[in-house]
Amino acid sequence: RSATRSSIRYDHGAFPPPTISGSRDKNKPFSFTIGVGEVIRGWDEAVMQMSEGERAMVKVPSWLGYGAQGAGGGHIPKYADLVFDIELLDIQEEHSWISCLPNVLAPFSTP
């Protein structure tokens, strides 16, 4: 079993307001594992369609963002569509420890 780990830089576009900082403001890339719920679904889907080194304006509809609950203590209201400027810096497959073990299982056979 493997996972895909990505490293991105991002800024907020038109919404939410710029009071919420992005990783470019901090000059530190943000890393996450794709498809395991570490980030909003809209980011997972966008990054899976990008190539390493690509930069894109990504519009995330509310149902792929924070939906009815909103987020950030009210900074992101309920049902808000979000816009992000995302740059995919790095993407790599990570293998779980179990996939690195030699094959110790063999079909059962009788003599």
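The model is predicted: local features need pLDDT of at least 70, side-chain atom pairs count only at pLDDT 80 or more, and totals for chains, interfaces and linings use all residues. Residues are numbered from 1 along each chain as its sequence is written, and side-chain values use heavy atoms, with hydrogens and water left out.

Seven aromatic pairs are found in a search of the whole structure. Rings of Phe, Tyr and Trp (its six-membered ring) pair if their centres lie within 6.5 Å; planes under 30 degrees apart are stacked, over 60 edge-to-face, and the rest tilted. The ring centres of Tyr10 and Phe30 are 6.1 Å apart and the planes stand at 75 degrees, so this pair is edge-to-face. Tyr10 belongs to strand S1 (residues 2-12) and Phe30 to strand S2 (residues 30-33), so the pair ties together parts 20 residues apart in sequence. Helices (H or I, at least four residues) and strands (E, at least two) are DSSP runs, numbered from the N terminus. Tyr10 counts as buried at 13% relative accessibility. Phe30, at 30%, counts as partly exposed.

Trp43 and Phe84 also form an edge-to-face pair, 5.2 Å centre to centre with 85 degrees between the planes. Trp43 lies in helix H2 (residues 41-49) and Phe84 in strand S4 (residues 82-95), so parts 41 residues apart in sequence are tied together. Ring pairs link Tyr10, Phe30, Phe32, Trp43 and Phe84 into a cluster.

The largest pocket holds about 200 Å³ of space. A pocket is an open set of points on a 1 Å grid over the protein atoms alone, where a 1.4 Å probe fits, with protein on both sides within 12 Å along at least five of seven lines; lining residues have an atom within 4 Å of a point. Its lining has 13 residues, with Tyr10, His12, Trp43, Tyr66 and Phe84 nearest the centre. The lining divides into 10 nonpolar, three polar and no charged residues.

Asp85 is found in strand S4. At 12% relative accessibility, Asp85 counts as buried. Asp85 and His12 are 73 residues apart in sequence but 6.1 Å apart in space, C-alpha to C-alpha. A polar contact of 2.5 Å joins the side chains of Asp85 and Arg55 (N or O atoms within 3.5 Å; within protein, one must be able to donate a hydrogen and the other to accept it).

Methods. Buried < 20%, exposed > 50% of the residue type's maximum accessible area, 1.4 Å probe, protein only. Points joined across faces, edges and corners; volume = space filled by probe spheres on them. Nonpolar A, V, L, I, M, F, W, Y, C, P; charged D, E, K, R; others polar.
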